[in-house]
Amino acid sequence: MFAGAKLRPSDSADIELLTAIFHDLKGVKGPASSGLFVVQHVLSEVLSPPLTWSPGARQESDPDPESQPFQDSGPDSDDETWVEEWDPESLYRWILDAIRGLQTQHLSPKCRDISKRLGARLAVSDSARSSNAGILPDVSDNGSPSGKQAEEDLAVPSPISFLPIELLRHIFHFAHSYRSEIRIPVTLSHVNSSFRKVALAMASLWTTIDDLLPIPMVELYIARSGEKPLQFRMYADWLASLPQGDGSMDILLKESKRIKAIEVYGFVSTAFTRWARLAERDSIFSSLEKLELVISRLDSGPTWGDDAVCPVWESFPSLEDLWIQGYPCENWTSPSDPFPPGLRRLKLSRTGLIGLEYLLQALQGCVNLNVLSLDHCSVDFSMVLGIGRRGGITMACLEKLEVARMHVLDITWLSDYIKTPNLAYLSITYPVSLGFESHLADFLIPFPKTHPRLSSLVLQECSMTSKAWSSTLENSVHLKHLVIRGSDVCDDDLRALTVATTVPNITHLTLENELRLNTSFVEEVVRTHPHLVSVILRGWDSFNSREDTEVIARLVPYVQIHTTGKPQDDCEGDSGSEEDSWDDSYWEGSDFSEDDGWLSGDEAIRSAE
């Protein structure tokens, strides 16, 4: 409901009229009811007595803490919050304007009656004002409205104040994304009284904590997060600069059982070793579910992270997601300290040369691993030759494999030594600068046949011949989801998609930044595969035929087209609802995936009606 509005002291006749209008508006049905939704809420607010919330009060019928008012506390609790005040005449004029703003065909008899009563009431006020011709308008010396008039002008709420609380919550969640500015919750809570009430009632808005925040702010965030799980961001270099035994982390350690995710970033590898020793102490993070250890490169030297030591993994029995960057492979695990057995998602990035023996040793204990992501990695071939083919492992639970910026020969070696019989999702990012495109085709063409459960394929920057594309698609008989992104394909490269026996089970097709493709070709693909549920075209040439776009929108339940230009006849929106989109755990995207900026940011969204 609308918050922060009240009625100035008024005559009983005004209160009776506003009450009557409020009850009449509740009886308005049809399109007019949505147009007057805000009016009803404002009247409900100004006619209701102020509510007093006791500390920690909670309704028994709604156990969700985010649906309850949150008592303000902390260093910013003394702020003055703005409450909109209405006088009856301003409220009458605003309601009348809202009714007049409705389309004529939506005006119900009740709306017309309310309009007449308000018009008559305002006519009396205007008549009384005009009879006092000798009284000057209420203005200041410089001709601008006086303080009283300015306050009346401020009483008119801004359009964003009309948004329902549920929508504001969604907006706040988007604003406070996982990697967003840490102080966004404080900013949102200082906009106005309405925003503040919503922000303080959203415990999840305060769950991300940064070790660079002042201690009082950390305490404030923890207090406002209620009992929600916490995410903690730590800059390892800052930790390394503190004297040994510094107590600045004590406040965090008190809440260690609530911490479910930790991000540790920095440039100094020794700082990560110090963090590891801290994390091992008394298994303080035994409830931790996600951990990111990311050493960023300061130079191009080969030993930029050689000093970093991973923590003892048995200190994290609940760990499910792990991202390691910049650590040498020999420091990942040891025979006596493998990765946690409950690990389900693992990303290894920018690790330099990976000794195959160390990689197999690390993965062998991950019996429940579901997602493996390798980025900017390379295999030490000397160790490959020493192990022999019989030294491989089988990862029966692995269903999703993401490989980015890794040489195709390394990918081929790994596929020989790591068997994934139940793989359902494969994503490959292969920039042209890596070379050996012909070897990439040699790897991809037989892969679907050796992995019959493969249902999702994402190919990014994969440059192949038309014959290689056709062979790969023809072998992907079980494919349901196909994404081709930035691979410079043309219609002839994907001509196999216009054959019904090629990918016969496909239901979702996404083409991104493929400017050489024509919409007429996509229409042909859609006609060939009537079971398609979703077609997404991003970075699409806006000068493709609009008629073909309209045909695609009629044939497919969910169509989304993001164009790189903005033709005059473009329109915004989607031809389907989110309910029509798929619900596939493999297709939701990995938390580890990076936004490579495929779109320029100025795209229009085009979709046929």
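Mentor: Start with the aromatic rings: ring pairs link Trp313, Phe316 and Phe339 into a cluster. Residues are numbered from 1 along each chain as its sequence is written, and side-chain values use heavy atoms, with hydrogens and water left out. The model is predicted, so local features need pLDDT of at least 70 and side-chain atom pairs pLDDT 80 or more, while totals for chains, interfaces and linings use all residues.

Trainee: What makes two rings a pair?

Mentor: Rings of Phe, Tyr and Trp (its six-membered ring) pair if their centres lie within 6.5 Å. Planes under 30 degrees apart are stacked, over 60 edge-to-face, and the rest tilted.

Trainee: How many aromatic pairs are there? And what is the label for Trp313 and Phe316?

Mentor: The structure holds eight aromatic pairs. The ring centres of Trp313 and Phe316 are 6.2 Å apart, and the planes stand at 55 degrees, so this pair is tilted. Phe443 and Phe447 have centres 5.2 Å apart and planes at 45 degrees, so that pair is tilted.

Trainee: Why is Phe443 called buried?

Mentor: Buried means under 20% relative accessible area, exposed over 50%, and partly exposed in between (1.4 Å probe, protein chains only). Phe443 has 9%, so it counts as buried. Phe447 has 6%, so it counts as buried.

Trainee: What is the angle between α3 and α4?

Mentor: Helices are DSSP runs (H or I, at least four residues), strands likewise (E, at least two), all numbered from the N terminus. Axes are lines fitted to C-alpha atoms, for helices over the stretch in contact, and angles run from 0 to 180 degrees between N-to-C directions. Helix α3 (residues 37-47) and helix α4 (residues 88-100) pack at about 160 degrees, with axes 10 Å apart. Therefore α3 is roughly antiparallel to α4. The cut-offs are under 35 degrees for roughly parallel, over 145 for roughly antiparallel, 65 to 115 for roughly perpendicular, and oblique for the rest.

Trainee: Which residues of α3 and α4 meet?

Mentor: From α3, Val38, Val39, Val42, Leu43 and Val46 meet Leu91, Trp94, Ile95 and Ala98 of α4. That contact divides into nine nonpolar, no polar and no charged residues. Contact means heavy atoms within 4.5 Å. Ala, Val, Leu, Ile, Met, Phe, Trp, Tyr, Cys and Pro count as nonpolar, Asp, Glu, Lys and Arg as charged, and the others, Gly among them, as polar.

Trainee: What is the orientation of α1 to α3?

Mentor: The axes of α1 (residues 12-26) and α3 come within 10 Å and cross at roughly 140 degrees. α1 and α3 are therefore oblique to each other.

Trainee: What makes helix α19 mostly covered?

Mentor: Seven of the 10 residues of α19 (residues 466-475) are buried. Among them are Trp469 and Leu473. The buried residues of α19 pack against α17, α18, β14 and β15.

Trainee: Where is Arg405, and is it buried or exposed?

Mentor: Arg405 sits in the loop between β11 (400-404) and α16 (408-417). Its phi is positive, about 50 degrees, although Arg405 is not a glycine. At 19% relative accessibility, Arg405 counts as buried.

Trainee: What about Glu461?

Mentor: Glu461 has 24%, so it is partly exposed. Glu461 lies in the loop between β14 and α19, with a positive phi near 60 degrees.
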